[in-house]
Amino acid sequence: MTAAAHRHEQVPLDELRHTAAHVLAYAVQDLFPDAKPTIGPAIADGFYYDFDRAIPFTPEDLERLEVRMREIIAADYEMNGERTTREGAIERFKGNPYKVELAREIPEGEPITLYTIGAFTDLCRGGHAKTTGAIGAVKLTSVAGAYWRGDENNPMLQRIYGTAWHTQTELDAYLLRIEEAQKRDHRKLGAELGLFTVEEDAGGGLIFWLPKGTIVRGIIENFIREGLAERGYQQVVTPHILSERLFEISGHLENYAHGMYGPLEVEGQRFRLKPMNCPGHILIYRSEGRSYRDLPLRYAEFGTVYRFERSGTLHGLTRVRGFTQDDAHLFCTPEQLQSEYEQTADEAIRLVAAFGFGDVEYVLSTRDPGVRTDTDEIAEEAIRKALASRKLPYSIDPGGGAFYGPKLDINVHDAIGRAWQLGTVQVDFVLPQRFDLKYRGSDGADHMPVMIHRALAGSLERFFGVLIEHYGGAFPAWLAPVQAVVTPISEHQLEYATAVRDRLRAAGLRAEVDTSNEKLGYKIRHWKTQKVPYILVAGRSEAEAGTIAPNERGNDEKRPSIPVEAFIDELRDRVARKV
């Protein structure tokens, strides 16, 4: 079959984007011969390629590269693969130390292949379109720094990002989604709406909650606390630092040291900032003798934890170094495991539904085959039965479980279709054994309890960041930090507007009054940019009649003035219905 015959064959997007990465490297080789190509994989929604080049790529360079890429695509070059030896690959790329390093590390016996398009050859394991012409549309989106192999001790490279699609229509639709996502960026909206800040003087990845953001955080916490109280959880509080010995016993130092901060030494004893709350809850369980009559025990804590994230991975609220989990640990008998897990599934459904996430994915992450035990089968069966009993569809992530057991991940899709991983629920037979947890059974003998680790929001920081992007900062009335602003037309109505605000606050509503000397139109535009659900106009006629004229966000239809009590009833109803 000729190359031209392949042009209209539709290949999987990952193969098409992998091919686009090769095309980008070819274009860079042509236009910037001093740049050394390193690696270039397909990624979600696109591809990237890393280059070692002393001079930074500019936006104008990306435009030139796009033009050259389109020429290479139009030429419809075949992707030709050939087998080679390790020595052959090293000889072929002897001028490029990055490719030589990769070639040396390919495991013995694994095939080594080279792929060529036009005048460009790359070291690659494959997975491409047959020709460059299969790429229907391509766009280079940005350039960023990236350490070779993700190690900050290695050279800093330049990473060029791009996206590729079967058709220009698909590319245009994607770029529109990206534009919408940029408008919803929680970092941008967090600053504009006065919700949170990250202060570099304090260090990256540490969140300062501003007054308005703290209000929303409190609403989230209170909602979760209501559910905890209904289901018999007991609130506890544990220290922020714990003896390093606890993390040796738990296995976190062995399996998770890369995500922990280094030790703090005090009077010869080593402590660690806690990266999770479970060891503390285990100590509370172990602080006194337990009977089967005491179980299940459900401990809950809004516990702040600290995890080491490299500076290049930090991202607003969604990737931080200090965060608060809506954490809970349940200790139960094996016979109680099923019912406890099913109740936890109910809590997850309640949470995501209340905060407006209609499209939810449930993923059962199993333990790696190399470490599986009989208890993993019991745990996975409990998760499957809980999902089936609630008629919740789910997928499997083989080997994605925690080192101490399988888990259920709760993923949501936001208003523009992006997936976010939020909560997780894990079944654990390992830590009870490591900490020698016991309860006295009805037979008078000691038995080991089962643990369930549960954080449904995941972390308040990440959950809040996702909420901001889901709603584009325009929180529903029940969740908005400011639910209504009373706006007097002139200073003559300021006293009345203040009295209306006070009546709203007395009714338990979050209200402000606009005391500025600006014209009414300016005031309304300002509060619209702040995404306040209601702007209540108070003019002379409203002050005389004891009414307000409500402007409702998202409703351009002019509403007549209504009594203040009528508005209070309207807003209270929305809060009660969580809309």
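**Aromatic pairs and helix contacts**

Tyr 26 is buried, at 4% relative accessibility, below the 20% limit for that class. The model is predicted. Tyr 26 takes part in a ring pair with Tyr 77, in the contact between α2 and α3, and in a contact with Ala 119.

**Tyr 26 and Tyr 77**

- With ring centres required to lie within 6.5 Å, the count comes to 21 aromatic pairs.
- In one of them, Tyr 26 and Tyr 77 have ring centres 5.9 Å apart and planes at 50 degrees. Stacked pairs need under 30 degrees and edge-to-face pairs over 60, so this pair is tilted.
- Tyr 26 belongs to helix α2 (residues 13-31). Tyr 77 sits in the loop between α3 (59-75) and β4 (80-84). The two parts are 51 residues apart in sequence, so the pair ties them together.
- Tyr 77 has 28% relative accessibility and counts as partly exposed, because that class runs between 20% and 50%.

- Ala 119 lies in the loop between β5 (112-117) and β6 (120-123).
- Its relative accessible area is 55%, so Ala 119 is exposed; the cut-off is over 50%.
- Ala 119 touches Tyr 26 and Gln 29, leaving aside residues up to four places away in sequence.
- From Ala 119 to Tyr 77 the C-alpha distance is 9.8 Å, across 42 residues of sequence.

**Helices α2 and α3**

- The axes of α2 and α3 come within 9 Å and cross at roughly 115 degrees. The crossing is right-handed.
- On the α2 side, the contact is made by Ala 20, Val 23, Leu 24, Tyr 26, Ala 27, Val 28, Asp 30 and Leu 31.
- On the α3 side, it is made by Arg 64, Leu 65, Arg 68, Met 69, Ile 72 and Ile 73.

- Phe 355 is buried, at 1% relative accessible area. Trp 478 is also buried, at 6%.

**Charges over rings**

- Arg 350 lies over the face of Phe 223, at 4.0 Å from the ring centre.
- Arg 454 places its charged end over the ring of Tyr 233, 5.5 Å from the centre.

**Helix α8**

- Helix α8 covers residues 211-230, 20 residues in total. At 1.5 Å a residue it should span 28 Å; its end C-alpha atoms are 29 Å apart, which agrees.
- Phe 223 is one of the buried residues of α8. Others among them are Val 216, Arg 217, Ile 219, Ile 220, Glu 221 and Ile 224.
- Gly 232 follows α8, with a positive phi near 80 degrees.

**His 252**

- Is His 252 buried or exposed? It is buried, at 1% relative accessibility.
- His 252 is found in helix α10 (residues 252-256).
- Leaving aside residues up to four places away in sequence, His 252 touches Phe 247, Ala 257, Met 260, Met 276, Cys 278, Phe 403 and Tyr 404.

Technical notes:
Residues are numbered from 1 along each chain as its sequence is written. This is a predicted model: local features need pLDDT of at least 70, side-chain atom pairs count only at pLDDT 80 or more; totals for chains, interfaces and linings use all residues. Side-chain values use heavy atoms; hydrogens and water are left out. Rings of Phe, Tyr and Trp (its six-membered ring) pair if their centres lie within 6.5 Å; planes under 30 degrees apart count as stacked, over 60 as edge-to-face and the rest as tilted. Helices (H or I, at least four residues) and strands (E, at least two) are DSSP runs, numbered from the N terminus. Buried means under 20% relative accessible area, exposed over 50%, partly exposed in between (1.4 Å probe, protein chains only). A charge sits over a ring if NZ of Lys or CZ of Arg is within 6 Å of the ring centre and within 35 degrees of the ring normal. The expected span of a helix is 1.5 Å times one less than its number of residues. Axes are lines fitted to C-alpha atoms, for helices over the stretch in contact, and angles run from 0 to 180 degrees between N-to-C directions. A crossing is left-handed if the near helix is turned anticlockwise from the far one by less than a right angle, and right-handed if clockwise. Contact means heavy atoms within 4.5 Å.
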